[in-house]
Amino acid sequence: MSVVTVELGGRGELATWVDESAQALAVDVLDVFMAVAEETLSHARSDERQRARERLQDVGDLRRQAGETTGPIRMVGEEDLIVEAIRAIASHGAYELDVLLEVLAGTRAPLGEEAVEMLRARSAAAAGAIEALIACEADRRRT
Amino acid sequence: MRPTVAARRTNTSRVARSPLGLTAKSDAELLRLTRDRIDAEAFGEFYRRHQRALIQFLARQTCDRDLAQDLVAESFAIAFSKIDRFDPERGDGRPWLFGIARIAMLARLREGGVEHAARQRLDHPDVDDAAVLEAAEARIDSSTSHVVAGLERLSDRERDAVISRVLEEREYSDIARRERSSEVVVRQRVSRGLRKLARVVPREPR
């Protein structure tokens, strides 16, 4: 079971840890966040460009934090963005687990070792992300 | 002599229907062919196969057809750029694509639609894509003045894409290179632009 801790920083910042089992998941999600932010910046009107640029920068920071660490991922940033990212990571983890279960449900043969291993990995990743989400939200409720 | 829009449409349709036997291949094979740069048409087949279902999925999720169309373009563009991340051992191409689309949707909705809010909102009739494009192209052939007026209603990027593709007859790949964008995004801009034009250009008398 993953261990998640949350720290509240100054100026509305939040630091949280995501279990390493969810690292690939976090990277996938933040890659898409970055691509969307880049696309938004490329289309932004002049009065929206600054906001879009800051968003891209913040998401890029999170992506680096998720991709460049080994072990549990420490994610630090503006509270709303951290929670948004963790929610998306948890949601995607649950989706990936659901997709795998749907495939397995369609087969009659006993599950092979590979399938069991994959189930464990996806289950751990989803659980890790959900734990991080719960910890974040619990902390926000306390403050 | 320049070919008519109708003639070009016929040629394009013929090519699209027989993309080198790609229709028989699985999604995973198409993505592998794309990743390994073996067949440039493979991703086009993957796009054709899932584009409509993805629009429907996103339109249901967002209740906003314009936003859904933006997201479809973004999702395919992201999938193309992240194709190395596709692992057939982890699942088929469709759930992989839809997973990307789900994340893009979450990100876009949270961003508050910076781009989307800036655009003029127009309701799209829920009709067959090919039929709309066909009707729009036919009307464009005969209703130049309305088209000029209609072009004013498009965003800059949509207008450029429609002019480049339909009037200047440039290839999608050529436009994408010039715009420093992907073919998928350009195709979506042309499609979206033609849909908008279709609503402002009057129908031909029967």
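Predicted model: local features only at pLDDT ≥ 70, side-chain atom pairs only at ≥ 80, totals over all residues.
Residues are numbered from 1 along each chain as its sequence is written, and chains are lettered from A in the order in which they are written. Local features were required to have pLDDT of at least 70 and side-chain atom pairs pLDDT 80 or more, whereas totals for chains, interfaces and linings use all residues, and side-chain values rest on heavy atoms, with hydrogens and water left out.

Chain A contains 4 helices and 3 strands, where helices (H or I, at least four residues) and strands (E, at least two) are DSSP runs numbered from the N terminus. Along the sequence, these elements of chain A are arranged in the pattern β-β-α-α-β-α-α. Of its 143 residues, 49% count as buried, a term that denotes under 20% relative accessible area, with exposed meaning over 50% and partly exposed in between (1.4 Å probe, protein chains only). The accessible surface of chain A amounts to about 7500 Å², and 50% of this belongs to carbon and sulfur atoms; such areas come from the Shrake-Rupley method with a 1.4 Å probe, and for residues only the protein chains shown count as cover. Among the contacts in chain A with a separation of 6 or more (contact being heavy atoms within 4.5 Å), 68% involve residues 24 or more positions apart.

With neighbours within four places in sequence left aside, A:Ala125 is in contact with A:Ser21, A:Ala22 and A:Leu25. The C-alpha atoms of A:Ala125 and A:Glu20 are 8.0 Å apart, although the two residues are separated by 105 positions in sequence. A:Ala37 and A:Glu54 are 17 residues apart in sequence, and their C-alpha atoms are 9.5 Å apart in space.

The secondary structure of chain B consists of 11 helices and 0 strands. Buried residues make up 49% of the 206 residues in chain B, and its accessible surface comes to about 10700 Å², of which 49% belongs to carbon and sulfur atoms. Of the contacts in chain B with a separation of 6 or more, 67% are accounted for by residues 24 or more positions apart.

Most residues other than glycine have a negative phi. B:Asp64, in the loop between helix H3 (42-62) and H4 of chain B, counts by contrast as buried at 16% relative accessibility. The side chain of B:Asp64 reaches the backbone nitrogen of B:Leu67 at 3.1 Å.

The contact between the chains takes 25 residues from chain B and 30 residues from chain A. Together the two chains bury about 2500 Å², 56% of it on carbon and sulfur atoms, where buried area is the accessible area (1.4 Å probe) that two parts lose on being put together, summed over both. Between chain B and chain A, 2 salt bridges are counted, each defined as a side-chain nitrogen of Lys or Arg within 4 Å of a carboxyl oxygen of Asp or Glu. A salt bridge joins the side chains of A:Asp28 and B:Arg85, at 2.4 Å from N to O. On the side of chain B that touches chain A, the elements giving two or more residues are helix H4 (65-81), helix H5 (93-111) and helix H6 (114-118) of chain B. H5(B) gives the most to this side, with 12 residues.

Terms used: Polar contact = N/O pair within 3.5 Å; in protein donor to acceptor, adjacent residues only side chain to side chain.
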